[in-house]
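Here is a brisk report on one protein chain. It covers sheets, salt bridges, aromatic pairs and a surface patch.

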Amino acid sequence: MKPTVYICREMPEELIAPVREHYEVRMWESTSEAVPRDVLLREVADVDALWTVISDQIDEEVLNAAPSLQLIVNMAVGYNHIDVQAAAARNIIVTNTPDVLTETTADLAFALLMATGRDLIGAENALREGRWTSWEPLGFTGTDVYGATLGIIGMGRIGEAVLRRAKGFDMDVLYHNRNRKSEMEDMYGCRYAELSDLLASSDYVLILVPYSEETKGMIGEKQLSEMKETGILINVARGGIVDEDALYDALRTKKIHAAGLDVFETEPVPLDHPLLTLPNVTVLPHIGSATVKTRKAMMKLNVEALLAFAQGEEPNHQVRG
């Protein structure tokens, strides 16, 4: 008898086909709407495996409702939406999708940095709304990227990929990380800095740390006050790392110049969120990994983990609590 897998979003059939050979497959038939909580709780009651995306909250309630669950494959690198410790206590394996989205996310991070610095969205909106009526000496002016100082908080794979892009723009790069990386400093000429020094010195501050209890709220009122008034904050990591109330106040009162956000504490972000009322915020709908090639590579890693488990092998890319 085949094990059963429940897939929390509709996935392309060409990727699901090999899974069907080894599993009884049930799937939420929407690509754009999250599986409702009551449906998820009902569906996990008899499944052996679960394929999740970042909008699915896999907590104690879900795990308690899934007595047969042995494997959770997660279509993301981050897994703060999954109670990994609770899963481990039940001998449930959790996997993620590292490495394949590094360069794509670095592209997006640098694109958002540039779009925010030059206020590309504001300029486009002005054109579309008929507010571009003449050339102005200081019209639509932004902040230089070339030659600016970039502070990267979290120098993992994506941070190093952004660093390579930044050096092409002759940026002076500072970084803050749990571990100093001397070889990288020698190779690229970047410099380690304590967080407060990085914030005070950087024209652009880019957040790339994973979300954890340690990093929750790590950029709050104090840290924002240490930034330059001309400083720009970019977050492509996870919502919750930045205190959104403090960020709103800092932007509204011009304590910092602008922010570019691909992530929010609540996603999708509510349309009445105060940050969306500010003209000096560039926002995106969590699209760091959003290229066809990368998303399909992430799906493929999930499929490989499912197939390995079905064949009695250890799935790759297991994460620990």
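Five strands make an open sheet in the order 2-1-3-4-5, and the pairing is parallel. Its edges are strand 2 (24-27) and strand 5 (93-95), each of which pairs on one side only. From one strand to the next, the twist averages 15 degrees. Axes for such angles are lines fitted to C-alpha atoms, for helices over the stretch in contact, and angles run from 0 to 180 degrees between N-to-C directions.

This is a predicted model: local features need pLDDT of at least 70, side-chain atom pairs count only at pLDDT 80 or more, and totals for chains, interfaces and linings use all residues. Residues are numbered from 1 along each chain as its sequence is written, and side-chain values use heavy atoms, with hydrogens and water left out.

**Sheets**

Strand 4 (residues 71-74) pairs with strand 5 in the parallel sense, over 3 bridges. Within that pairing, V73 has T95 in strand 5 as its bridge partner. Two strands count as paired if DSSP finds at least two bridges between them. Strands (E, at least two residues) and helices (H or I, at least four) are DSSP runs, numbered from the N terminus.

Another open sheet has 7 strands, in the order 8-7-6-9-10-11-12, with parallel pairing. Strand 8 and strand 12 (281-283) are at its edges with a single partner strand each, so one side of each has no neighbour in the sheet. Strand 11 (residues 258-261) pairs with strand 12 in the parallel sense, over 3 bridges. There, G260 has T282 in strand 12 as its bridge partner.

**Salt bridges**

How many salt bridges does a search of the whole structure find? The search finds 19. A salt bridge is a side-chain nitrogen of Lys or Arg within 4 Å of a carboxyl oxygen of Asp or Glu. The table gives three of these pairs.

| Pair | Closest N to O distance |
|---|---|
| R37 and D59 | 2.7 Å |
| E103 and R165 | 2.8 Å |

With D59, the salt bridge is 2.7 Å between the closest N and O atoms. R37 lies in helix 2 (residues 37-43) and D59 in the loop between strand 3 (49-52) and helix 3 (60-64), so this pair ties together parts 22 residues apart in sequence. R37 is partly exposed at 30% relative accessible area, and D59 is partly exposed at 29%. On this scale, buried means under 20% relative accessible area, exposed over 50%, and partly exposed in between (1.4 Å probe, protein chains only).

E61 sits in helix 3 and R37 in helix 2, so the pair ties together parts 24 residues apart in sequence. E61 is partly exposed, at 44%.

E103 and R165 form a salt bridge with N and O atoms 2.8 Å apart. This pair links distant parts of the chain: E103 is in helix 5 (residues 102-117) and R165 in helix 7 (residues 157-168), 62 residues apart. E103 is partly exposed, with a relative accessible area of 36%. Salt bridges with shared partners join E103, D107, R164 and R165 into one network.

**Aromatic pairs**

A pair of aromatic rings is described by the distance of the centres and the angle of the planes. Rings of Phe, Tyr and Trp (its six-membered ring) pair if their centres lie within 6.5 Å; planes under 30 degrees apart count as stacked, over 60 as edge-to-face and the rest as tilted.

The whole structure has 2 aromatic pairs. F110 and F169 form a tilted one, 4.9 Å centre to centre with 50 degrees between the planes. F110 lies in helix 5 and F169 in the loop between helix 7 and strand 7 (172-176), so the pair ties together parts 59 residues apart in sequence. F110 is buried at 6% relative accessible area, whereas F169 is partly exposed at 27%.

Y175 and Y192 have ring centres 5.5 Å apart and planes at 75 degrees, so this pair is edge-to-face. Y175 is in strand 7 and Y192 in strand 8 (residues 191-192), 17 residues apart. Y175 is buried at 0%; Y192 is partly exposed at 23%.

**Surface patch**

L127, W132 and F140 form a nonpolar surface patch, with about 360 Å² of accessible area together. Patches are made of residues with over 30% relative accessible area and no salt bridge: like charges are joined within 9 Å, nonpolar side chains (Val, Leu, Ile, Met, Phe, Trp, Tyr) within 5 Å. Accessible areas come from the Shrake-Rupley method with a 1.4 Å probe; for residues, only the protein chains shown count as cover. W132 is in the loop between helix 6 (120-128) and strand 6 (149-153). W132 is exposed, at 55% relative accessible area.
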